[in-house]
Amino acid sequence: MATAVMPTESKTPAGCATIASRAKARAEATPDQVAMRQKDFGIWQEMTWAELWEQVLTTAHGLLSLGVDTGDRVSIHSEDRVEWVIMDLATVAIRGITVGMYPTNPSAEVEYTLTDSGARIHLAEDQEQVDKVLELSSDAGSAVEKIIYLEPRGFDGYDDERLVSWEEFLAIGRQHRQSNPAAVETAMASAELSDVMTLVYTSGTTGPPKGAMLTNANADFGMQIIVNSQGRFPGGKLPDHNDEILTYLPLCHIAERLFSTWHLVACGTVLNMAESPDAVLQNLREVQPTLFFAVPRIWEKLHAGVLIRHSDASRFKKFMLSRAMATASWIGRTRVANAGRWTIPARIVYAIGWVLVFRALRERIGLRHCRYAASGAAPIAPEVLEFFIGIGLNVYELYGMTENTAVATVNLDGRMKLGTVGEPYPEIADGIRIDEESGEIQMDHPGVFAGYWGKPDKTAETFTSDGWLRTGDVGEWVDGTHIKLIDRMKHIIITSGGKNVSPSEIENALKTSPFINEAMVIGDGRKYLTALISIEQDTVGNWCLKQNIPYTTYRDLSQKSEVVMLIQKAVDSANEKFARVEGIKKFRLIPKELDHEDGELTATQKVKRSAIHDRFAELVDSMY
Amino acid sequence: MYRRPHMFTSYASEAKILSSTTQRVAMAVGLTVLVLMPFDLPVINQLPFIRFLGDSDWLRPVSTVLVFVIAAIGLNILAGVAGQVSLGHGFFMGVGAYSAAFLGGDATATVYGHGLPIWIWLPGAGVGAALVGMLIAPIAVRLRGLYLAIVTLGLVFIGIHLGNTDWGRRFAGDPGLGRDFPTLDIRLWKEENPLVSVSDDGQWLWFDAATNQKSYLVLLAIMLVMVLLAKNIVRSRTGRALQAIRDRDIAAEVMGIAEFRYKVIAFAISSFFAGVGGALFASLVGKLPASEWDLFLSVEFVAILLIGGLGSITGTIFGTIFVVLGPLLIEQATRWLDRQTESEGIFGILADTVLTEGPGDFGPVSTGTQSPGWPLNVFDWNVALYGVLIIVFLIFEPLGLYGIWLNIKSYFQRWPFSY
């Protein structure tokens, strides 16, 4: 339908392959295939490749007419939606640099990111996000010239002359396109591999966030190695246009960018934009993605959801589900012992379970058609993965970070080792080493980033003297092929007894309990280990309801002696897995929900240890 | 979308009547069974527990079900979808029946009739009733709930009274016997030999069919069309407007739904269905006095709605089957039990305890046809059963049989969780 408006004069010499040039090639090859879907008034509105490219062109022209030049930064502050992807592609098409921001970023962090990156054009989703920019004092030094907003609601009476609505912006773009029809193609043709295409701000559990510069070459390498790595996928079937992805993690994070945008342009995978972070579970059920990437938090949530609904089920369903879970755990153990492969008995048992429970169970959690799932971005408890492997999913833990374009290690199909983050991609086998002295994982391959934006000193710190990227993660080889992550280097606890302890492992064991949302192990320089634990309000509240324990607020809930007893049980069962010195002696429940806005969590929901340590110092001291 | 039943990429896909393959298969099987129902099938009837009706006593009651479904859906659109209580449904059916008689019946010295073909008198019956319904509608804008019910109740008595006037008799015929209604024969115009003969036994295509079998098939076709029509009304803009009025008429008006207009539309649609149902019912019975369109008929439809499920087309079909065939089943069961009185074993004992054969015998069910008080006979038990069922459903399952069906369905849809 939209093929008629496809530009035909695009015979200019092509520049290097960028995400924009790949999108263009797709739009020319398969104009009528669906590229993205976004839910609008209950209907998943589809956007074909032709429509997508048409919008990207108009947007790119709009940026050109606003004076965006090679190397200029365009910041995007929005939930996941099609305009995010369009703006990203358009910016890269005209050799600009995309800067993504977390929707939860409070005003101070928005200010920091805008000043640090020097973005000239800012795309804000709605009034709330626009306000965060308008609040900034004029001497903050932000270079924002235009603020484009997507949702027009609430903008009556705003008279800041930098504001322009998405529709107006597109109109500007169309005008520019009429007078300079080939401007975008010209820019695309001059693209170079060394062009920085995006700044990905790291979450900054310690200092302020740093903008990692990823070049077209980095992105290209990432798409070659990760997206097109046959060994990752069961049966070697690469992602294609038949695959569905639910885009729900923040697109400014390298993981979702890689998993969504780059899969979209490299493989033609269909993206479905989740409505909001709260609607993810609902959207998951509607979309039933075939490829699914989740951070441990989401896997834990899905797992806890099954456990809670199991305990709430009526008698017969409860019985069936109990049987199914026991079976799943057996299948999980069998497959894990077999490097993720199926054995014939496991297949037979699974087939029976499929008819009775597993099919429905997977449909309910939205992973019925999921053929490949991955967990990454943070360490996950092996028990959780084992459960999902047991209900027949192919879940692989992988490892990567912004600074290496997420190209590091992966559990390949049929070569999985639970508890490890997998083996280096075959293409970069020589590019990964573990420093013998510190145990740090170091890398050198084409995916390694170009440095931090405007921070040459920080960049220098990140590289070893021989030019290898220091990941800051401590790991060890397992059987000489796989890598097991121990922890972040700076997180390792040395107790006063001189024992080295990795807190993440203990914390993950704690977090397998559906009642524990977040846990932070403490003990550096102390006699024994303790933990600050934040409870999961939904599940604990639900539990209290069934026990007839009345409660009012989160604070009240976390102070109930019954709740403390409940968590004690979870802590005890986690302790069983560790040596005595690694056991948690005491714990305290944090009386408030951890929050990004209060500086306790990063935008990616990782705990900021020092902040929490300071804030709840009294609680910590009371344990020693 | 195939494989993704909860993902809708257009409003059309969301509003689909049969959204899953299972539903489509079930519908195809159901339709096949319904079409084959009136025939003696050589192979199938050999199977245990499966009997198609053939030309048996059951065919007529089943045909009645088809007709009642049409009329009941009309009431459901008014009461269940639009929330306007009406006890006057029998009146609108009567209006439809006499419109049909006026248009399609044969004129005699005492009654009107124009002998027009079915494709005129059947829609005409609906339109006639709808016009009368539209006259009543303005009252519904003023009155709600119980008051509206009382006004519509009055219609029934006015109707019967009108049927007794001299003018009314020109339409309704003799108050005792009634008049002849048009047959279901399908004619192009007033020709002698009908295009499709329904009212005679005889050859149809390549098989023999009796009148009952033929009229069953004709009524089935009409019912299916009407059900589809109702389904489409409910899921269209009109249907949504009616539901908004049901949920809160003031709120609906605030949202821009013209209350007056849509209440008139609700009465018009409802009466149209009632009219068509009434005309077909009269045609099926053949001869009816005006006093048949009475309060009891109206209440029967209220019972169908409450037992079947308010606001649901599927529920209406359940309810009609239950209310129309239920009494027949009980009657047959009693007759069968009566024959077991002399036999040995539990059935004999059961018959002894349940049935009262004459004076001095004990048991709650009398086998007599008169109703001399306790023990009640089968017919009185049926009437009592209605009352009990309505009370039970109102208290325990306000959504009726459809609600029970929904519960069963959602039990499996929620599998393996409870929510």
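Among contacts in chain A between residues at least 6 apart in sequence, what percentage join residues at least 24 apart? In the predicted model described here, the share of such contacts that join residues at least 24 apart is 67%. The secondary structure of chain A comprises 21 helices and 25 strands, and buried residues account for 52% of the 624 residues in this chain.

The overall dimensions of chain A were considered next. Along the principal axes, the C-alpha atoms of chain A fill a box of roughly 70 × 60 × 55 Å. The radius of gyration of chain A is 25 Å, which agrees with the value near 25 Å that a compact globule of 624 residues would have. The domain assignment of chain A gives domain 1, spanning residues 2–192, and domain 2, spanning residues 492–622; the C-alpha centres of domain 1 and domain 2 of chain A are 42 Å apart.

Between the two chains, 21 residues of chain A are in contact with 14 residues of chain B. On the side of chain A that touches chain B, the elements that contribute two or more residues are the strand β2 (43–48) together with the helices α10 (280–287), α11 (296–312), α12 (315–337) and α13 (344–365) of chain A. By residue class, this side of chain A divides into 10 nonpolar, 4 polar and 7 charged residues.

Within chain B, a helix pair was examined. Two packed helices are described by the angle between their axes and the distance between the axes. For helix α9 (residues 237–247) and helix α11 (residues 259–285) of chain B, the axes come within 10 Å and cross at roughly 110 degrees. Because angles of 65 to 115 degrees count as roughly perpendicular, α9(B) is described as roughly perpendicular to α11(B). On the side of α9(B), the contact is made by B:T238, B:A241, B:L242 and B:I245, while α11(B) supplies B:E259, B:Y262, B:K263, B:I265 and B:A266. The residues of this contact between α9(B) and α11(B) divide into 6 nonpolar, 1 polar and 2 charged.

B:P123 lies in helix α5 of chain B, which covers residues 118–142. Since a residue is buried if 20 or more other C-beta atoms lie within 10 Å of its own and exposed if 12 or fewer, B:P123, with 17 other C-beta atoms within 10 Å, is partly exposed. B:P123 and B:L229 are separated by 106 residues in sequence, and their C-alpha atoms are 13 Å apart in space.

Terms used. Residues numbered from 1 in each chain as written. Chains lettered and ligands numbered in written order. Predicted model: local features only at pLDDT ≥ 70, side-chain atom pairs only at ≥ 80, totals over all residues. Contact = placed C-beta atoms within 7 Å. Helix = DSSP H or I, 4+ residues; strand = E, 2+ residues; numbered from the N terminus. Nonpolar A, V, L, I, M, F, W, Y, C, P; charged D, E, K, R; others polar. Domains from an automatic or database assignment. Axes fitted to C-alpha atoms, helices over the stretch in contact; angles between N-to-C directions. Parallel < 35°, antiparallel > 145°, perpendicular 65-115°, else oblique. Rg over C-alpha atoms; globule rule 2.2 N^0.38 Å.
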